[in-house]
Amino acid sequence: MSSPNAESTAFRSALEVIRAVEPRVADAIGAELADQRESLKLIASENYASPATLLAMGNWFSDKYAEGTVGRRFYAGCQNVDTVEALAAEHARELFGASHAYVQPHSGIDANLVAFWAILADRVESPALKRAQVRQVNDLTEEDWFALRRELGDQRMLGMSLDAGGHLTHGFRPNISGKMFDQRSYGTDPATGLIDYDRVAEAAREFRPLILVAGYSAYPRKVNFRIMREIADSVGATFMVDMAHFAGLVAGKVFTGDFDPVPHAHIVTTTTHKSLRGPRGGMVLCGPELADQVDRGCPMVLGGPLPHVMAAKAVALAEARRPDFADYAQRIVDNAQALAEGLLGRGATLVTGGTDNHLVLIDVSGYGLTGRQAEQALLDSGIVTNRNAVPQDPNGAWYTSGIRIGTPALTTRGLGAAEMDATAELIHTVLSQTTPGSNADGTPSKAKYVLDPALADKVSRQATDLLSTHPLYPSVTLT
Ligand code: PLP
């Protein structure tokens, strides 16, 4: 462990150097820390990376081009980048028990693109090259190349529907994946809100996808990856899991056996900045069959790797391999369950009635509100959440009927079950005291709301009090 003094000095010195060039940037960085310190951050996809992880990003690695892979670069002078990329990959392999790790993706979207194109290369391009008896695409005739491009664009993907908690990058039209694939979705059982594996199997049999995707950003339960793999195998699909949200729970061995995606999936993608608590970035894990195709991510779909972020990934993954990370991961789930119980006990409606993971999805229609109204009213009261669709949401993806809350960030700050109950009380107070507003013409609004500013102020102060016992980055003082 570094000394608190060293951490303070490092950040203070960095700000002094930045301030000499553009003081407004230094001020904004300082203001961001102050804002984060004061807000009750319940955004399920955010966290607080360690000082070591943050500091690993601000250095000379940022200046380096390093296309290629460890030991096989298209640029000279990459020996130090090789060191950090190899370290990050080694930590990832060891942490997750994967045979191959590719740590270059710049984000979760990029990790998914790498995975999709690795699968397409393996399942569509390679057989086409073999049929044409050539080694690479440049050797195909114009006619064969045209046919291959059409075949690549004519593949199917089956993933979780957006309103059930799936992610835009799993084949939805606003994202490139929806333009690449013919996509169908599986939803959840309307009665329980849970994945109905028989229905997934039925959809897979009917649709016969090339890729079956599991993973979510707003499903509050575990997924049985063993069953999903069996479904994929039964239709010859490649099974991909996007564990962007719950990678920290896999790393911390909260999700094991059937609920650990790594032994069951052909390929696993993740972000590194959510429950895993690393720098903003992505990563792909796979077995030897897909490793070569995955390693072609840059320049296939990625720009040059970000060596400074790979350095930070190596630091964060080293942290996640320590025994205390398993304790952290378990506390994330304990806290989410305490929050869920606190809300249920006060009369809130939760999608699926609770949680097995790091997130809770409140159906705020029970309070007579849209997600948009609830999100803003909570924000006015110092509670940062985000609105999210609920299954079969009547308010669509913009206004929504849900509020998604997650515990990775507050758990990093050290809050526990008692504070989760207090947080549930604050959320319930705000939502039960907020009423829908109306438009200028008197019609009901899905965005406007009425909340007594005095109550919002009071809750804000209570939220700050709650946080004051668990200061964020206690080792860092900027003044
Ligand atoms: N996959 C899932 C399941 C996500 O929840 C997200 C982000 O919210 C992503 C991918 C995309 O991650 P990024 O924002 O890093 O591109």
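Is F255 buried or exposed? Select F255 to begin the tour: its relative accessible area is 2%, so F255 is buried (buried is under 20% relative accessible area, exposed over 50%, partly exposed in between, with a 1.4 Å probe and protein chains only).

Before moving on, note that this is a predicted model, in which local features need pLDDT of at least 70 and side-chain atom pairs count only at pLDDT 80 or more, while totals for chains, interfaces and linings use all residues. Residues are numbered from 1 along each chain as its sequence is written, and side-chain values use heavy atoms, with hydrogens and water left out.

**Aromatic rings**

The structure has eight aromatic pairs.

**Charges over rings**

Next, pick K222, which lies over the face of F259, 4.5 Å from the ring centre. Then go to W398, where the charged end of R387 sits over the ring at 4.5 Å from its centre. (The criterion is NZ of Lys or CZ of Arg within 6 Å of the ring centre and within 35 degrees of the ring normal.)

**Two helices**

Select residues 4–21 (α1) and 23–38 (α2): the helix axes come within 6 Å and cross at roughly 145°. (Axes are lines fitted to C-alpha atoms over the stretch in contact, with angles from 0 to 180 degrees between N-to-C directions; helices are DSSP runs of H or I with at least four residues, strands runs of E with at least two, numbered from the N terminus.) The contact, meaning heavy atoms within 4.5 Å, includes L15 and I18 of α1 and V25 and I29 of α2.

**Backbone stops**

Most residues other than glycine have a negative phi, and most peptide bonds are trans. Zoom in on C298 and P299: the peptide bond between them is cis, with omega near 10°, and P299 is in helix α12 (residues 297–300).

Move to T352, in the loop between α14 (323–345) and β11 (359–363). T352 has a positive phi of about 70° and counts as buried at 17% relative accessibility.

Finish at Y473, in the segment after α19 (453–468). Its phi is positive, near 45°, and Y473 is buried at 15% relative accessibility.

Terms used:
Rings of Phe, Tyr and Trp (its six-membered ring) pair if their centres lie within 6.5 Å; planes under 30 degrees apart count as stacked, over 60 as edge-to-face and the rest as tilted.
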